[in-house]
Amino acid sequence: MSLELVSSVRCFDGTQRVYQHASATLSCDMRFGVYLPPAANVECVPALFWLSGLTCTEQNFITKAGAQRVASALGVVLVVPDTSPRGAGVPDDEGYDFGCGAGFYVDATRAPWSTHYRMYSYIVDELRTLVAERFPVDVNRFGISGHSMGGHGALTIALKNPHLFRTVSAFSPISSPIDCPWGQKALSGYLGSKEADWEPYDSTKVMLERGWSGPEILVDQGDADEFLYTQLKPTLLIAAAEQACVPLRLRTRVGYDHSYYFVSTFIGEHIEHHARYLATADSMA
């Protein structure tokens with residue numbers, strides 16, 4: 001697979017890069033960011049995949065989260081994909097919460113979305129394999145995290161693929177897409193009207209079905225988040241974790257909202273969380 005280097009800048013003694021490639025899974029060109037810490041020059045290091053939220057591209061996290069400083073110090077590669085397919089021929093919707101910028105990390109089954117909107121397979125199969133083959137990463141030490149829609153994606157992907165993603169965390173995740181307007185619109189549009197077809201992409205349902213044998217799941221949620229009660233509903237995630245005996249630490253952050261000011265405040269703690277457990281990933285296998 002051919003990779004085109006779009007940009008490369010020095011950052012905390014490492015390199016922040018953006019690449020473009022032709023995605024066979026999504027039938028369009030895709031961009032993703034990769035931060036390479038200085039440790040990657042001498043050895044294979046852990047990688048943390050970051051999934052962004054509604055309306056975002058790879059640039060939101062790269063430019064706003066301030067994650068490179070901690071990733072440099074801890075020797076962690078950051079992999080930051082776009083949130084959906086884009087470009088000529090890719091169907092879109094007028095709403096911000098469906099279509100381009102809102103791939104929801106599902107594999108669509110309904111036309112016209114099914115040709116391009118296969119973000120679940122893109123992350124789990126195509127991008128993960130590409131990163132493993134082209135960058136100095138240890139494939140046994142991959143973690144995944146995300147924000148909002150991306151928090152939902154990170155949770156569902158990790159819960160279904162614990163052998164591929166050993167650690168998982170989230171900021172303000174959409175805990176149960178089945179039970180909120182954002183999720184209901186996206187899942188019905190991409191997958192059809194049967195709720196049974198939505199359940200594989202609902203964190204609470206997947207957690208109850210599969211559990212989680214990995215280390216503690218870390219979630220941060222601001223109590224001033226404007227979407228807290230209508231869209232995110234973290235109490236549903238807490239209840240599912242308790243019922244499934246899943247180790248979940250959900251921290252309520254007083255006064256914080258849904259923005260990248262919130263993410264940037266605590267992203268260092270999340271990278272440290274992943275680095276700590278991924279350092280002993282061989283014993284987790």
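**Exercise 1. Is Asp13 buried or exposed, and where does Asp13 lie?**

Step 1. Asp13 has a relative accessibility of 52% and therefore counts as exposed. The classes are buried for under 20% relative accessible area, exposed for over 50%, and partly exposed in between, with a 1.4 Å probe and protein chains only.

Step 2. Asp13 sits in the loop between strand E1 (4-11) and strand E2 (14-23). Helices (H or I, at least four residues) and strands (E, at least two) are DSSP runs, numbered from the N terminus.

Step 3. Although Asp13 is not a glycine, its phi is positive, at about 65°.

The model is predicted: local features need pLDDT of at least 70, side-chain atom pairs count only at pLDDT 80 or more, and totals for chains, interfaces and linings use all residues. Residues are numbered from 1 along each chain as its sequence is written, and side-chain values use heavy atoms, with hydrogens and water left out.

**Exercise 2. How many salt bridges does the whole structure contain?** Examine the pairs Arg86 and Asp82, Asp138 and Arg141, and Arg251 and Asp220.

Step 1. Side chains of opposite charge can pair when their charged atoms come close. The criterion for a salt bridge is a side-chain nitrogen of Lys or Arg within 4 Å of a carboxyl oxygen of Asp or Glu. A search of the whole structure gives 10 salt bridges.

Step 2. Arg86 and Asp82 form a salt bridge through their side chains, at 2.6 Å from N to O. Arg86 is partly exposed at 28% relative accessibility, whereas Asp82 is buried at 5%.

Step 3. Between the side chains of Asp138 and Arg141 the N to O distance in the salt bridge is 2.9 Å. Asp138 is buried, with a relative accessible area of 18%, and Arg141 is buried, also with 18%.

Step 4. Arg251 and Asp220 meet in a salt bridge of 2.8 Å, N to O. This pair links distant parts of the chain, 31 residues apart: Arg251 is in strand E9 (residues 248-253) and Asp220 in strand E8 (residues 217-222). Arg251 is buried at 17% relative accessibility, and Asp220 is buried at 0%. Through shared partners, salt bridges join Asp220, Arg251, Arg253 and Glu269 into one network.

**Exercise 3. Which residues gather in the patch of negative charge on the surface?**

Step 1. Patches are made of residues with over 30% relative accessible area and no salt bridge; like charges are joined within 9 Å, and nonpolar side chains (Val, Leu, Ile, Met, Phe, Trp, Tyr) within 5 Å. Accessible areas come from the Shrake-Rupley method with a 1.4 Å probe, and for residues only the protein chains shown count as cover.

Step 2. Lys and Arg count as positive and Asp and Glu as negative, while His and the chain ends are not counted. The place of a charge is NZ of Lys, CZ of Arg, CG of Asp or CD of Glu.

Step 3. The patch consists of Asp179, Glu195, Asp197, Glu199 and Glu209. Asp197 is in the loop between helix H5 (181-191) and helix H6 (203-210) and is partly exposed, with a relative accessible area of 38%.

**Exercise 4. How many disulfides does the structure hold?** State also the accessibility of Cys44 and Cys245.

Step 1. With a disulfide taken as a pair of cysteine sulfur atoms within 2.5 Å, the structure holds 0 disulfides.

Step 2. Cys44 is partly exposed at 44% relative accessibility, and Cys245 is exposed at 69%.
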